[in-house]
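Dear colleague,

Please find below the structure that I am handing over to you. My findings follow it.

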Amino acid sequence: MTTATSPEQASTTAPGGTERTDATGARIGVVTFPGSLDDHDALRAVRLTGAEAVPLWHASQSLEGVDAVILPGGFSYGDYLRCGAIARFSPLMGELIEAAGDGMPVLGICNGFQILCEAHLLPGALIRNDVRTFVCRDQRLRVETSDTVWTRDFLAGEEITIVLKNGEGGYVADAETVARLEGEDQVVFRYVGPNPNGSVHDIAGITNARGNVVGLMPHPEHNVETLTSPSVDGRRFFSSVIGFVQTLR
Ligand SMILES: NC(=O)CC[C@H](N)C(=O)O
C-alpha cells in the first residue's frame, strides 16, 4: 500500500500492482487477455487519476469486487477469426456481462470495444479500415454526450484529442441500429475532420441505453501525461467513472 497523498504521487507505483491510492476509494479492474497490449497503460492511467488499479485475468471467474471494468486495447488471441471474437468467450466475460446488466461501468478501448460488440454488450461491429492499412495518429474527436458514466466530466460538443491506432476500426451497424443510436443519444464520440477508417456517421464510440457500457476505438489511456502525449484529455474518462462510483457511496 502506498502512503501517497495525491493521485500524482500514487502514479509512481509499479505497473501491474494493486496498490490502493486512497485518493478516491474507487477500485477499477483492467482485464488482461492473451494478446492484450495496453493493459499496463490502462492500469497506470487508473492509478494516475486516483483509483486503485486491479489487474484481472481473463480466465478468472471473479471480478474481485471492483467498481468498474476496462477491457483494454491490443490483439487478443492474435485477432484470429475477427478482432475480439475469441476473447468474447473468456470465462471472465460471463461475469462481466452479468455485472454490466446490473449497471457496472464497463469501458472497452479499441480491442475492448471490439470485444464488447462481439459479446453483444454493444450493438454493431468493427471491420477493416477502409484505407486497408493500420492507422496510428493523434485523432480529433467530438464528445457528443456527457450522459454516460465514462463521459460525465466532458461537455457535449467539446472537441478533444485522443490517440487512434488500429487496423479494424470501421464501425458498422444496420440502418435501424444506427438510427436508434443517433436518436437515443448513444453516439458518444465522433471523428472530426477526415474520417480515418470509414466508420458509418463518423462514429468513434457508442454507449448502451443505460450509459454504463461505453466502447470507443481511440485510446484515452495513452493521453494522460504531458510527457508522452500532446493532450491529457484521456484523464477525464477515468475521473468521470471515479466520480460516478463516489456518488454510489
Ligand atoms: N489498438 C488496438 O486495440 C488494436 C485492435 C485490433 N487489434 C485492431 O487492429 O483493430
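**Surroundings of the ligand**

The model is a predicted one. In it, the residues around the ligand are G73, G74, F75, D79, C83, C110, N111, K165, N166, G167, E168 and G169.

**Strand 9 and its partners**

Strand 9 covers residues 187-191 and is mostly covered, with 4 of its 5 residues buried. On one hand, strand 9 pairs with strand 6 (residues 135-143) in the antiparallel sense, over 3 bridges. Within this pairing, L141 has Y191 of strand 9 as its bridge partner. On the other hand, strand 9 pairs with strand 10 (residues 203-207), and this pairing is also antiparallel over 3 bridges. Here F189 is bridged to G205 in strand 10.

**Helix 6**

Helix 6 runs from residue 235 to residue 247 and contains 13 residues. From its first C-alpha to its last, helix 6 reaches 19 Å, which is close to the 18 Å expected at 1.5 Å a residue. Which residues of helix 6 are buried? They are R235, R236, F237, F238, S240, V241, I242, F244 and V245. When reading such a list, please recall that an α-helix has 3.6 residues a turn, so residues three or four places apart point the same way.

Yours sincerely

Technical notes:
Residues are numbered from 1 along each chain as its sequence is written. This is a predicted model: local features need pLDDT of at least 70, side-chain atom pairs count only at pLDDT 80 or more; totals for chains, interfaces and linings use all residues. A residue is buried if 20 or more other C-beta atoms lie within 10 Å of its own, exposed if 12 or fewer, and partly exposed in between; C-beta atoms are placed from the backbone. Helices (H or I, at least four residues) and strands (E, at least two) are DSSP runs, numbered from the N terminus. Two strands pair if DSSP finds at least two bridges between them. The expected span of a helix is 1.5 Å times one less than its number of residues. A residue is near a molecule or strand if its C-beta atom, placed from the backbone, lies within 6 Å of it.
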